[in-house]
Amino acid sequence: MSVLNEILEFNHQFVGNKEYERFQTTKFPDKGLVIVSCMDTRLTELMPSAMNIKNGDVKIIKSAGAVISHPFGSIMRSILVAIYELKAEEVMVIGHYDCGMSNVNADGLIAKMKDRGVEDSTLDTLKYSGLDLKKWVQGFESVEDSVRNSVELVRNHPLLPEGIKVHGLVIDPSSGRLDLVDRGE
């Protein structure tokens with residue numbers, strides 16, 4: 001059975017048994033917080049539990065490495081929507097130790113793309129369109145520096161209203177311990 005079929009079968013029972021009722025809340029984050037975190041599977045339940053976050057408390061945006069790579073990309077747009085439309089008043093960028101993005105080698109990733117059928121002509125088109133693919137897919141060496149860079153991108157965004165606190169943290173994916181990297185004041 002495929003993962004999709006398993007999920008659809010479970011979902012049918014979930015809805016039929018009204019198990020969703022315990023999760024009902026509004027679209028507005030009760031704690032007025034938006035979090036950008038990594039998509040790492042170890043954080044799915046650990047991070048909210050380690051932060052005493054319940055369903056409805058926060059908006060969570062996930063990306064590889066908790067990296068905000070472009071000031072006008074979808075992650076920054078989501079942050080701005082959370083602030084202007086959904087009443088968020090604080091932002092946290094939360095990276096984590098032992099992050100897969102710290103091991104991403106651009107040349108190796110591009111080789112894997114080619115192995116799975118991406119043609120050189122496609123890579124050439126991207127190059128001639130102005131995309132530095134190696135830079136775009138390259139990981140980072142220091143999770144703390146990566147978090148600081150993302151915090152600064154948000155904090156200095158021209159559309160961010162005054163008074164929004166932007167914090168940076170790193171979580172340990174084995175214990176849930178949070179280390180403060182940048183306290184937004």
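Predicted model: local features only at pLDDT ≥ 70, side-chain atom pairs only at ≥ 80, totals over all residues.

Reader: Which strands does strand 1 pair with, and in what sense?

Author: Helices (H or I, at least four residues) and strands (E, at least two) are DSSP runs numbered from the N terminus, and two strands pair if DSSP finds at least two bridges between them. Here strand 1 (residues 33-38) is parallel to strand 2 (residues 58-63), with six bridges, and parallel to strand 3, with five bridges. Leu33 has Val58 as its bridge partner in strand 2 and stands opposite Glu90 in strand 3. Strand 3 also runs parallel to strand 4, joined by seven bridges; there His96 faces Ile171 of strand 4.

Reader: What handedness has the unit of strand 1, helix 2 and strand 2?

Author: A crossover is right-handed if, with the strands pointing away from the viewer, the path from the first strand over the helix to the second runs clockwise. With helix 2 at residues 43-50, this β-α-β unit is right-handed.

Reader: Which residues of the largest nonpolar core touch the most other members?

Author: A nonpolar core is a set of buried Ala, Val, Leu, Ile, Met, Phe, Trp, Tyr and Cys residues joined through side-chain atoms within 4.5 Å; buried means under 20% relative accessible area (1.4 Å probe, protein chains only). Among the 39 residues of the largest core, those residues are Ile35, Ile68, Ile79, Val91, Ile94 and Val154. Helix 3 contributes the most to this core, six residues. Strand 3 is mostly covered, with six of its seven residues buried.

Reader: How much space lies in the largest pocket, and which residues are closest to its centre?

Author: On a 1 Å grid over the protein atoms alone, a pocket is an open set of points where a 1.4 Å probe fits, with protein on both sides within 12 Å along at least five of seven lines; lining residues have an atom within 4 Å of a point. The largest pocket holds about 660 Å³, and of its 26 lining residues Val67, Ser69, Lys135, Trp136 and Gln138 are closest to the centre. Helix 7 gives the largest share of the lining, five residues.

Definitions and conventions. Residues numbered from 1 in each chain as written. Heavy atoms only, no water. Buried < 20%, exposed > 50% of the residue type's maximum accessible area, 1.4 Å probe, protein only. Points joined across faces, edges and corners; volume = space filled by probe spheres on them.
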